[in-house]
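Subject: Structure handover

Hello,

Here is the structure for you to look at. Please open it first, then read the notes below.

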Amino acid sequence: MDIHEYQAKELFRAAGLPVPPDEVATTAEEAEAIARRLGGTVVVKAQVHTGGRGKAGGVKLASTPAEAKEHASRILGMTIKDLTVQKVLVTPAEDIANEAYVGVLIDRSSQAPMFMVSPEGGVDIEEVAETNPEAIRKLRVDPRYGLLPHQALWLADFLYEDPSLVKQASKMMTQLYQAFRSNGCSLAEINPLIVTPGGEVKAIDAKVSIDENELHRLPAVEAYRDTDAEPWAETRAREASLSFVKLEGDVGCCVNGAGLAMATMDLVKYYGGEPANFLDIGGSSNPDKVVAALEIITGDPNVKAILFNIFGGITRCDDVANGIVEATKRIDIKPPIVIRLTGTNDKEALEILEAAGFSADTSMDRVVERAVELAASA
Ligand code: GDP
Ligand code: MN
């Protein structure tokens with residue numbers, strides 16, 4: 001789960017990190033009033049679940065309350081990477097002498113939290129990793145011991161020469177690690193970590209993702225969920241208890257079981273297609289779930305063909321077939337649907353589907369190939 005910058009900053013402050021004060025506005029007038037309260041130059045920042053807001057025009061300096069209002073009215077309602085801005089953060093502008101990058105994330109290959117720090121802050125860290133990897137220092141943290149003091153110093157030492165800055169930054173590494181661990185984060189990032197002309201190190205941006213599996217024991221963090229700010233398909237999938245991941249292709253996939261869903265995506269690729277999503281409807285033939293799945297898939301304008309792949313076991317194929325027939329009566333579906341069913345009661349299922357005018361088969365190969373062809377010729 002992604003959270004907003006202003007929420008991430010609350011978590012950071014609670015861990016003791018130096019973060020400038022701020023307030024959130026949903027209207028331009030509110031932004032103006034906050035700017036007046038804060039006094040001096042402020043920054044107006046789009047609150048959306050994505051980075052790169054600066055480049056997209058979603059971060060603006062304002063030297064007067066009137067200017068803050070003007071920027072806020074332009075930023076509110078703008079779209080950044082398909083997300084509509086509904087809130088802005090207003091915070092005092094800092095003078096910046098230096099920008100660095102600090103992040104900690106769960107690293108899958110080392111199966112542990114991993115720190116990444118770079119003196120090249122303020123820019124896209126993926127870009128630094130590609131063009132100038134030696135500008136990044138990495139450290140795997142042993143979760144049994146946490147971030148040890150000498151490790152925190154080693155990371156900070158990569159960013160600054162001045163001992164006062166190293167000391168401040170090293171303390172911040174420890175605080176960031178604490179925020180990361182205690183809030184079930186999969187990512188906690190400060191970009192940029194700045195040095196002011198007066199020699200103070202501060203976090204002026206914050207990006208945090210929470211591991212969904214941690215939320216059940218962290219109600220305060222769960223409350224940060226902002227369904228208005230996440231893609232509609234994600235909200236719908238969660239409500240219907242579907243595991244769903246949007247991808248960039250045009251073959252919509254609806255599969256029972258995560259393993260079969262992965263295999264289906266592999267086979268789509270094998271036949272030269274691109275899956276539009278990963279979607280596991282679970283071991284259920286409940287038409288409501290099938291309706292939700294079809295709503296999500298057809299809500300993606302990229303989808304050119306829909307592929308069902310069902311392996312019947314305890315789930316009976318005839319139940320699923322009835323679910324599909326029922327679901328397609330309830331919603332209007334434009335892209336062609338191809339269905340593969342095999343396992344318990346597959347014969348009955350094929351009869352039900354054929355009677356309803358669907359193309360269905362028991363062979364995964366044939367059906368996936370057909371779906372890829374249909375998507376390509378659409
Ligand atoms: P992002 O683009 O979504 O990562 O948003 P950031 O909060 O990182 O802001 C982007 C850039 O705007 C930063 O790297 C800074 O260069 C600049 N910026 C943000 N806040 C301030 C500020 O308080 N003062 C100044 N001078 N620049 C700022
Ligand atoms: Mn940033």
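**Surface charge**

D124, E126, E127 and E130 form a negative surface patch. A patch here takes residues with over 30% relative accessible area and no salt bridge, joining like charges within 9 Å and nonpolar side chains (Val, Leu, Ile, Met, Phe, Trp, Tyr) within 5 Å. Accessible areas come from the Shrake-Rupley method with a 1.4 Å probe, and for residues only the protein chains shown count as cover. Asp and Glu count as negative, Lys and Arg as positive; His and the chain ends are not counted. The place of a charge is NZ of Lys, CZ of Arg, CG of Asp or CD of Glu.

E130 sits in helix α4 (residues 125–131). Helices (H or I, at least four residues) and strands (E, at least two) are DSSP runs, numbered from the N terminus. E130 is exposed, at 71% relative accessible area. Buried means under 20% relative accessible area, exposed over 50%, and partly exposed in between (1.4 Å probe, protein chains only).

**How to read the model**

This is a predicted model: local features need pLDDT of at least 70, side-chain atom pairs count only at pLDDT 80 or more, and totals for chains, interfaces and linings use all residues. Residues are numbered from 1 along each chain as its sequence is written, chains are lettered from A and ligands numbered from 1 in the order written, and side-chain values use heavy atoms, with hydrogens and water left out.

**Overall**

The protein has 378 residues, and 53% of them count as buried. Its secondary structure comes to 13 helices and 18 strands. The C-alpha trace spans about 75 × 50 × 40 Å along its principal axes.

**Metal site**

What coordinates the manganese ion (ligand 2)? N191 (O) and D205 (OD) do, at 2.1 to 2.2 Å. N191 is in strand β10 (residues 185–195), while D205 is in the loop between β11 (201–203) and β12 (207–210); the pair, 14 residues apart, links distant parts of the chain. N191 and D205 are both buried. Donors are N, O and S atoms within 2.8 Å of the metal (3.2 Å for Na, K and Ca); water is not among the atoms, so sites may look incomplete.

**Salt bridges**

How many salt bridges does the structure hold? There are 25. Each is a side-chain nitrogen of Lys or Arg within 4 Å of a carboxyl oxygen of Asp or Glu.

- R36 pairs with E32, the closest N and O atoms being 3.7 Å apart. Both lie in helix α2 (residues 28–38), 4 residues apart, about one turn of the helix. R36 is exposed at 54% relative accessible area. E32 counts as buried at 18%.
- E70 meets R74 at 3.8 Å, N to O. Both are in helix α3 (residues 65–75), again 4 residues apart, about one turn. E70 counts as partly exposed at 46% relative accessibility.
- K334 bridges to D332, with closest N and O atoms 3.2 Å apart. K334 and D332 are both exposed.

Shared partners join E5, K9, K45, R53 and D205 into one salt-bridge network.

**Helix α1**

Is helix α1 (residues 5–14) mostly covered or mostly open? Mostly covered: 7 of its 10 residues are buried. These are E5, Y6, Q7, A8, K9, L11 and F12. G16 follows α1, with a positive phi near 95°.

**One loop**

T41 lies in the loop between α2 and β2 (42–46). T41 counts as partly exposed, at 38% relative accessibility.

Best wishes
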